[in-house]
Amino acid sequence: MSWRERLTSPSAWSDVAHNFRGDWHMLWKEIGLGFLLAGFIAQLGDGFFNGLFITDGPPLVTAIENVIVGPIIAVLSFVCSIGNVPLAAVLWSGGISFAGVMAFIFADLIVLPIIAIYRKYYGWAFALRITALMFVTMVLAALATDGLFTLLGLPPSGSRPSRGDVFGSIQVDYKLFLNLLGLVVFAVLFWLTMRRGVTDPVCGMKVDRAKALTAEHDGHTFYFCSQHCRERFEADPDAPGARSGLALSVDEHT
């Protein structure tokens, strides 16, 4: 479709809504956990972070130490995806360098739950090799990003945000209106999935009724997100797991 057709097509907006809902369903726990951990870690105070990060040494020494400590904190806090952003803000207010923040954010691919997945698929030896390679890559990428931003004069300057800035109270400003706009978009997209969507009885995923795979059983039509789920259902439609919404683990479904 052309861009104009996409912007006016209910089906296209339904695709956007269902993708959005799928992403939110996948990430809401990590996001919530990220804010929860950030709130607790914020109570440690700047003195704690000043003991972790070199803040008054030569710039190169500071950057190297910070890009090593940043990923270690990420691994131990096991917050992945965008759930690590609020904790990154706390680390920044605590004195970590720009390079350290970048390394911390990059390190969401080696947090403990994901390392466990690597171990499950590839075994311990290869999982450790993958983790070590990613760690080195993240450190080098963070240093390169910091160097490029510094060359262009882009890293944030001035005083660091306080805990109050990171976890500030609600104020009538542009951020409030952007949050309200985000809430409206959130509600509209979820409404679209409720209006046009149905739930896959096997994995529990919301799918567009008009595009989903279907199967008939006992005079009822069931909708599925994938051929795998439909085959699982058709193998034994009356089995408790066939309609539990929890029959597949995440890696099985993938």
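Predicted model: local features only at pLDDT ≥ 70, side-chain atom pairs only at ≥ 80, totals over all residues.
Is D15 buried, partly exposed or exposed? D15 counts as partly exposed, because its relative accessibility is 31%, a value that lies between the 20% limit for buried residues and the 50% limit for exposed ones.

**Salt bridges**

Two salt bridges are found when the whole structure is searched. One of them joins the side chains of D15 and K211, with an N to O distance of 2.5 Å. D15 belongs to helix α2 (residues 10–42) and K211 to the loop between β2 (206–208) and β3 (213–217), so this pair ties together parts that lie 196 residues apart in sequence. K211 is partly exposed, because its relative accessible area is 43%.

A salt bridge is also formed by D208 and R196, whose closest N and O atoms are 3.5 Å apart. Here strand β2, which holds D208, is linked with helix α10 (residues 174–196), which holds R196; the two residues are twelve residues apart. D208 and R196 are both buried, whereas K211 is partly exposed and D15 is partly exposed.

R21 is buried but has no salt bridge, and D23, the nearest side chain of opposite charge, is 12 Å away. What does the side chain of R21 make a polar contact with? The partner is the side chain of T193, at 2.9 Å. When neighbours within four places in sequence are left aside, the contacts of R21 are F190, T193, M194 and K206.

**Helix α6 and its cover**

Helix α6 spans residues 98–106 and is mostly covered, with seven of its nine residues buried. The buried residues are F98, A99, G100, V101, M102, A103 and F104. Their cover includes α4, α5 (85–93) and α8 (124–152).

Helix α4, which is part of the cover of α6, spans residues 59–77 and contains L60. Together with I64, I68, I72 and L76, L60 makes a nonpolar surface patch of about 470 Å². L60 counts as exposed because its relative accessibility is 61%, which is over the 50% limit for that class.

**Two aspartates in loops**

D56 is located in the loop between α3 (46–52) and α4. Its relative accessibility of 72% is why D56 counts as exposed. In sequence, D56 is 39 residues from G95, and in space the C-alpha atoms of D56 and G95 are 10.0 Å apart.

D218 is placed in the loop between β3 and β4 (220–224). Although D218 is not a glycine, it has a positive phi of about 55°. D218 is likewise exposed, because its relative accessibility is 65%.

The table lists the accessibility values given above.

| Residue | Relative accessibility | Class |
|---|---|---|
| D15 | 31% | partly exposed |
| K211 | 43% | partly exposed |
| L60 | 61% | exposed |
| D218 | 65% | exposed |
| D56 | 72% | exposed |

Methods: Residues numbered from 1 in each chain as written. Heavy atoms only, no water. Patch = residues over 30% accessible without salt bridge, like charges linked within 9 Å, V, L, I, M, F, W, Y side chains within 5 Å. Areas by Shrake-Rupley, 256 points an atom, 1.4 Å probe, with all protein chains shown as cover. Salt bridge = Lys/Arg side-chain N within 4 Å of Asp/Glu carboxyl O. Helix = DSSP H or I, 4+ residues; strand = E, 2+ residues; numbered from the N terminus. Buried < 20%, exposed > 50% of the residue type's maximum accessible area, 1.4 Å probe, protein only. Contact = heavy atoms within 4.5 Å. Lys, Arg positive; Asp, Glu negative; His and termini not counted. Polar contact = N/O pair within 3.5 Å; in protein donor to acceptor, adjacent residues only side chain to side chain.
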